[in-house]
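This briefing is meant for a reader who is meeting the structure for the first time. Please keep the sequence and the model open while reading, so that each named residue can be found as it comes up.

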Amino acid sequence: MNIANDSFDVVIIGAGGAGMRTALQLSQSGQNIALISKVFPTRSHTVSAQGGITAALGNIDSDDWRWHMYDTVKGSDYLGDQDAIEYMCKNGPEVVYELEHMGLPFSRNDDGTIYQRPFGGQSKNYGKEQATRTCAAADRTGHALLHTLYQQILRAGTKVFSEWYAIDLVSSIDKDSISGVVLLSIETGELLFAKARAIVLATGGAGNIYQSTTNALINTGDGLGMALRANCVLQDMEMWQFHPTGIAGAGMLVTEGCRGEGGYLLNKDGVRFMEHYAPSVKDLASRDVVSRAIAIEIREGRGFELNGVQYVDLKIDHLGEETIKKRLPGIRELSIQFAHVDPVEKAIPVVPTCHYSMGGIPTNFHGQVIKTDRNNKDKIVNGLYAVGECACVSVHGANRLGGNSLLDLVVFGRATGMHLEKKSEYTTPDLADVDKILDFYHKLESNKTGENYVDIRHSMQKTMQDHFGVFRTQESMQEGLVSLGELRDRLEHVVLKDTSKIFNTNRITILELRNLMVAACATAYSAIERKESRGAHSREDYPDRDDNNWLKHTIYHLDDLISYRNVNMSPKSIDTFIPKERVY
Amino acid sequence: MAKVNKLEFSIYRYNPDDDKSVYMQDYTLEFDIEQNLMLLGALERIKDELDPTLSFRRSCREGVCGSDAMNINGKNGLACITPISSLPRKIAIRPLPGLPVVRDLVVDLEIFYKQYARVKPYLINRQPTPKKERLQSPEDRKKLNGHYECILCGACTTACPSFWWNPDKFVGPAGLLQANRFIVDSRDDAELERLQDLQDPFSVFRCRTIMNCVEVCPKKLNPTKAINNIKKEMLKIK
């Protein structure tokens, strides 16, 4: 091992909402923390979250965390783990109040309390009337949240490794634990082996496996790749949320808050089509339901078309200029910039767009990473935690409700921090792992001829878009899998054209592509195996949900094998929500 | 039929890792004018198709993360929300002015972040923490508008001649905008302390109301107005 090394109590990889909330929880514990981020913390993708953070505060209308839990379980199409959902919904109000105390500039009601808006899939009294549960800072809630957390990190004096990239995890010598991570300074090219009592993966999503995504360019599934290569597993990777309203042709997110504030969708005949798909809640049905409805409208010829891009209209102009400027100012800005439409006057062209990964690294609700042994029994991976979008705790199951993502970040960021407050022991790292990582790293530099990363990335994204989109069939997915296999082989021979040590984004892009490929393959193998339709996973050849055979988590292993894991149906303080037909 | 057009770029290049000194490199890019290309999209295409060694920062590609501020034909802005159609056919791109260059369009923002941290950009409230939220009227909340939306891209501060002269002593428009954000927050009770911290000839008073900051802010914020408010509040204290 021929690189610098250092040791920390906890190394947190990723400084979005989840990573920073974890770090903040630990800031009072007196432990030596390193917060690693490949971008300056406020550039993390949490910044793009718009509509809000859901918690049963009851500021506008009566509410109860149990109703929130019911909605989340139903929204997940019963694939969410009920113990984790219970924990999240129960702790929701407290973590939101904490954010307010930190200074998050929430919008306000006339009585001075935090403003809340209705979001899709929310109900009162276990499925009755629409609830109003999503706490908002205009339509910039993620930005407000991320900056507030960064400000607190500054205040706490947390050590931030800004623009450092985590390459791979290092196991313990007995292979039972995770002992450290190899890091790369983007600015200087310096490599560092960081030994730690615990590593927290908080690396966010991987939406760039698709051609069209609301995700930032930095969302490349780095934690997923690192975990899998360290012999951990990935759970429910077939579950990708397509947000109903991405700006057509550009992909930028248009918040569900538009519909929460009273906006609705129209097809080219001027028909408010959601009335047919979800008669009772219409445009505020769950995201998977609305995305499928839009896809069907377009497929059956009732969408608009401009320059080869098909879409439906999201109408909000009837809300009036004042409401739009007050509640949806960011949407107005984005729409003018990227759709050339001022929503005060005209409808926004929208289309379902890859948005969120419900799947990820399986964990319990303390953030501890879980893998399954040969007998399919859960086993905690000592020294490794995961939190936020890269984790699958699993509170979102087969479909996430709007506003539950920011909540997930702060609830489980805090929980992970609390669990880490008690120091664990260092384990002895297997230095052969470090050498293996360095070998790979140097080999990448020495490839002088071979494959172009741009072609591989574009082909992977097109394959995922064409074969693993809103609607799926066995035949098409098999075709997609063959292409992915070839691309994965080609990636082995990728050429790094820029070998400079200083701020080498070419190198980072290729390291990221390696992780994207893991996420894409995990998605493909998992999707092909699940022979039913549930939540976001919608198969034309198996159109129904099949609880007898498929009420279970999919587990993807390093050698492309699939196994299964039970869904937790045992909340602690409330009766189990038994699966029933999901109608909106 | 795609209508193809040619764009000519002249881009600032510098890499301390090779032996060349600073130079401007030319690239020609063909693009379909119906594609609504943003400048960031063009830079990504140059990197992907013409020159993988060109270095720049980018993340959200929608104007909210603040990564890709740069100097575009002499004016600071965000590449991801600058439409190619708004630019002439010849585009000169340089890193943000007034800061050390790490490589190509990547600048060292350390001093910018330091000046931000200096204003204690976090809520200070020494009252006992209530069980629920602290109340704030919609009118008081409205005072935060025009402040909290800042994305820390650095376009304003690096466009400010006063900052160029005294980057270590003058906080700069971005930092002062956040100073004012907490001064005007009804929940913050450290207003006096905040004002006293800034009371010297440089921190605030090097602002000469040149207003380059207002001119370039990609979020259309007005740091000059915030700075004037800080000055006004300072007059009230003894």
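This is a predicted model: local features need pLDDT of at least 70, side-chain atom pairs count only at pLDDT 80 or more; totals for chains, interfaces and linings use all residues.

In chain A, strand E11(A) pairs with strand E15 (residues 348-357) in the antiparallel sense, over 6 bridges.

- Strand E11 (residues 240-247) of chain A has 8 of its 8 residues buried, so the strand is largely enclosed by the rest of the structure.
- E15(A) also pairs with E14(A), in the antiparallel sense and over 3 bridges, and here A:Leu314 has A:Ile348 of E15(A) as its bridge partner.
- Strand E14 (residues 309-315) of chain A is likewise described as largely enclosed by the rest of the structure, because 5 of its 7 residues are buried.
- Strand E12 (residues 264-266) of chain A is joined to E14(A) by 3 bridges and runs antiparallel to it, with A:Leu266 standing opposite A:Asp313.
- Strand E13 (residues 304-306) of chain A is also joined to E14(A) by 3 bridges in an antiparallel arrangement, and A:Phe304 stands opposite A:Tyr311 there.
- E13(A) and E14(A) form a hairpin with 2 residues between them, and A:Asn307 in the turn has a positive phi of about 50°.

**Nonpolar cores**

- The largest nonpolar core has 165 residues, and those that touch the most other members are A:Ile53, A:Phe412, B:Phe9, B:Leu43 and B:Ile84.
- Helix H3 (residues 82-102) of chain A gives the largest share of this core, with 10 residues.
- Domain 1 (4-107) and domain 2 (110-235) of chain B both contribute residues to this core, so it lies between them.
- Leaving out residues up to four places away in sequence, A:Phe412 touches A:Ala84, A:Tyr87, A:Met88, A:Phe365, A:Val387, A:Val393 and A:Val395.
- A second, separate core is made up of 86 residues, among them A:Leu183, A:Leu228, A:Phe242 and A:Ile437.

**Two open sheets of chain A**

- One open sheet has 3 strands in the order E3-E5-E4 (chain A), and its pairing is antiparallel.
- Strand E3 (53-54) and strand E4 (116-117) of chain A are at the edges of this sheet, each with a single partner strand, so one side of each is left without a neighbour in the sheet.
- E3(A) is joined by 2 bridges to strand E5 (residues 134-135) of chain A, the two running antiparallel, and A:Ile53 stands opposite A:Cys135 in E5(A).
- Strand E22 (residues 552-556) of chain A is joined to E23(A) by 5 bridges and runs antiparallel to it, with A:His553 opposite A:Arg565.

**Helices and buried residues of chain A**

- Helix H4 (residues 141-156) of chain A has 16 residues and reaches 22 Å from its first C-alpha to its last, which is close to the 22 Å expected at 1.5 Å a residue.
- Of the 16 residues of H4(A), 13 are buried, so the helix is largely enclosed by the rest of the structure, and just after H4(A) comes A:Gly157, with a positive phi of about 75°.
- A:Asn404 belongs to helix H11 (residues 404-420) of chain A and is buried, with a relative accessible area of 1%.
- The side chain of A:Asn404 makes a polar contact of 3.2 Å with the side chain of A:Thr72, and, with neighbours within four places in sequence set aside, A:Asn404 is in contact with A:Thr54, A:His68, A:Thr72, A:Met88 and A:His396.
- A:Ile508 lies in helix H15 (residues 505-529) of chain A and counts as buried at 9% relative accessibility.
- Not counting residues up to four places away in sequence, A:Ile508 touches A:Tyr165, A:Leu184 and A:Ile186.

**Domains of chain B**

- The domain assignment of chain B gives domain 1 (4-107) and domain 2 (110-235), and the C-alpha centres of these two domains lie 29 Å apart.
- Between them, 13 residues of domain 1 of chain B are in contact with 14 residues of domain 2 of chain B.

How values were computed. Residues are numbered from 1 along each chain as its sequence is written. Chains are lettered from A and ligands numbered from 1 in the order in which they are written. Side-chain values use heavy atoms; hydrogens and water are left out. Helices (H or I, at least four residues) and strands (E, at least two) are DSSP runs, numbered from the N terminus. The expected span of a helix is 1.5 Å times one less than its number of residues. Buried means under 20% relative accessible area, exposed over 50%, partly exposed in between (1.4 Å probe, protein chains only). A nonpolar core is a set of buried Ala, Val, Leu, Ile, Met, Phe, Trp, Tyr and Cys residues joined through side-chain atoms within 4.5 Å. Domain bounds come from an automatic or database domain assignment. Contact means heavy atoms within 4.5 Å. Two strands pair if DSSP finds at least two bridges between them. A polar contact is a pair of N or O atoms within 3.5 Å; within protein, one must be able to donate a hydrogen and the other to accept it, and residues adjacent in sequence count only if both atoms are side-chain atoms.
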